[in-house]
Amino acid sequence: MANTFGITLQILLSELNISLETPLADFGSLSFIGFTLYTPTTVLSSDKIILGRLTDLLPIVKTNPGCFFLCIRDRYYDEHENEALNNHVMILKTNAKLADIVNKVSTIFDKHRSWQTAMALSVTSEKGLQDLLDLSEHIIDNHVDILDSTFKLLAYTKHLASDDPTTQALLEHGYHNEETIEKFRKYRRLEQFATETGLIISDDYLMTQYETVKKIFHVNGHPSIYVIMQCNRYKPDAYRLDIFEMFLQYVEYYAKTDRFHRFSFAASKQYILDLLDDNIRTQDEAITRSANAGLPFQQQYILHQIGFDDVFNIPWDNLTEHIQDALPFAYVVQYNRKIVILHNQSDQANHLDTVRSALDHILLKYPCLVGTSNLFNNLWEIKAAYDQANCAIEHGAHVRQIKGDTYTPVSYYNFEESFLTLLVAKSYHSTPNIFQNSFMFNAIRTLLDYDRKHGSNLLTLLQTYLTCNRKATDTSELLHMHRNTVLYHVDRIEKLLDISLDDSTACLKLQLGIEAYTSNMIEIRF
């Protein structure tokens, strides 16, 4: 929030509405807290613009290089003028009297001083964003909407209507609907919102029928408040942008407070984030803080982690809110560009079904992987549960690559099912050659080579046979083969590999090799 009053040179000259004899190329961010009418006894200051007649100002220009001068011409141009003039002297192209110019400049400064004082008082009294906008709409003179991180409408210029369909839908519903959010994703606005920190000027007319100027305030690395000026009355020229930025200085106060950034600051969710970030040093501290956070420390919990295919084009807070609303028994937080769901398992089957059903519906348009941890008994174990869910996602990412036609937008994997494959894969990737001459890999190579040469499918048969606990009847039913045919192929496999499938150790190694290969997490080289 601005601490001192000031208006930019661009604002002053634009509202004065008098051309300069020589237009300035760049006004920059130069601003003034007021003006001074020059007299021989005047003490000049660089934070105030000096008004006067050109004849009076020319002799002092060179001795005051840090000052800016605004003057009227009261003398004819001559060749000596260029020697004295520099880009700190602006000559108004007008026949107006100096007194008239002084009155206009004084009115401009009074207007903006009153506006900024009113905004400062509003913020100090915490009257809210709507009050701030009510004080400002006659100055901004374009339609403005302010939204929270879930695209819920917080404030808007009530007396400056807009005929833009997207804006009318926002005002009607009080939030951006799914159709608008889908457009955000399509045109990659969400990625822009997440990364841009300055003004965003959009003139592609993809979202609205007018040019827009947006400012996204960020807290803890992701959007907190969206402020959108729709240029339905005036184009976003340098003057209008300066006015908008002046208003934004006061909006920033609210953007940095907790109240509009709901998902990171509730006591329980902040406690979960602190556990994940290792900001709680001891188990005793974790137990003490869990009571204050309203979370039972000792209970059966399970953790789900959602990893999105396109992390830069996700309406994070909007999705988090929807998931939280659909799962009132859970705690939903954002962490490391993932959404984390924590809930107790007093009714395990029902809760897991509810979670999956809700996520299937909410995440249909957001391709992702959902990893699930094992059950854990207290919150001190949450970091390990998070790592388990992350491992399940890692496994799922490889498995999904080979699913082909069975691909679904939301895919679920749990750590326990992924454990054996991950164990082999992580060992393999840490030392790639460690398994190359092992029975586990050699057996897979042998069967793949045999299948390729003979057009058979021994590897698939073996996988099914081991999954069926070496029961030929069950295997024949799954593969629609005669039982004797299954037994014939099992005998062929035993001879090729020189093993007995009654050997439980050999079977375990074969299962590990098959899982590692079919999950696409390991390349078995020939």
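Predicted model: local features only at pLDDT ≥ 70, side-chain atom pairs only at ≥ 80, totals over all residues.
## The protein as a whole

The protein has 526 residues, and 49% of them are buried. Its secondary structure consists of 20 helices and 17 strands. The accessible surface amounts to about 25600 Å², and carbon and sulfur atoms account for 49% of that area. Contacts can also be sorted by separation along the chain: among those between residues at least 6 apart in sequence, 61% join residues at least 24 apart.

## Helix α6

Helix α6 spans residues 165-173, and its buried residues are Thr 166, Thr 167, Ala 169 and Leu 170. Viewed down the axis of α6, the buried residues fall within an arc of 160°, so they line one face of the helix. The face turned away from this buried side carries Pro 165 and Glu 172, which are exposed.

Which elements are included in the cover over the buried residues of α6? They include the strands β7 (143-148), β8 (153-156) and β11 (222-230), together with helix α7 (178-186).

## Aromatic rings

A pair of aromatic rings is described by the distance of the centres and the angle of the planes. The model contains eleven aromatic pairs. Two of them are set out below.

| Pair | Centre to centre | Angle between planes | Arrangement |
|---|---|---|---|
| Phe 5 and Phe 109 | 6.4 Å | 65° | edge-to-face |
| Phe 32 and Phe 68 | 6.0 Å | 65° | edge-to-face |

The pair of Phe 5 and Phe 109 links distant parts of the chain, 104 residues apart. Phe 5 belongs to the segment before β1 (7-8), whereas Phe 109 lies in helix α4 (residues 98-124). Phe 109 counts as buried at 1% relative accessibility.

Phe 32 and Phe 68 likewise join distant parts of the chain, at a separation of 36 residues. Phe 32 is in strand β2 (residues 31-32), and Phe 68 is in the loop between α2 (54-61) and β5 (69-72). Phe 32 is buried, with a relative accessible area of 1%. Phe 68 is also buried, and its relative accessible area is 15%.

Aromatic residues also form a cluster, made up of Phe 151, Phe 184, Phe 193 and Tyr 226.

Arg 113 is placed over the face of Phe 5, at 4.5 Å from the ring centre.

Gln 10 is part of helix α1 (residues 9-16). With a relative accessibility of 13%, Gln 10 counts as buried. Its side chain makes a polar contact of 2.7 Å with the side chain of Ser 14.

Ile 108 belongs to helix α4 and counts as buried at 6% relative accessibility. Which residues does Ile 108 contact, if neighbours within four places in sequence are left aside? They are Ile 7, Leu 12, Glu 15 and Leu 16. Ile 108 and Ile 11 are 97 residues apart in sequence, while their C-alpha atoms are 8.9 Å apart in space.

Ile 243 is located in helix α9 (residues 238-255). Its relative accessible area is 0%, so Ile 243 is buried. Leaving aside neighbours within four places in sequence, Ile 243 is in contact with Ile 11, Glu 15, His 112, Trp 115, Ile 139 and Ile 140. The C-alpha atom of Ile 243 is separated by 9.6 Å from that of Ser 136, a residue 107 places away along the chain.

How values were computed
Residues numbered from 1 in each chain as written. Heavy atoms only, no water. Buried < 20%, exposed > 50% of the residue type's maximum accessible area, 1.4 Å probe, protein only. Helix = DSSP H or I, 4+ residues; strand = E, 2+ residues; numbered from the N terminus. Arc of directions from axis to C-beta. Contact = heavy atoms within 4.5 Å. Phe/Tyr/Trp six-rings, centres within 6.5 Å; stacked < 30°, edge-to-face > 60°. Lys NZ or Arg CZ within 6 Å of the ring centre and 35° of its normal. Polar contact = N/O pair within 3.5 Å; in protein donor to acceptor, adjacent residues only side chain to side chain. Areas by Shrake-Rupley, 256 points an atom, 1.4 Å probe, with all protein chains shown as cover.
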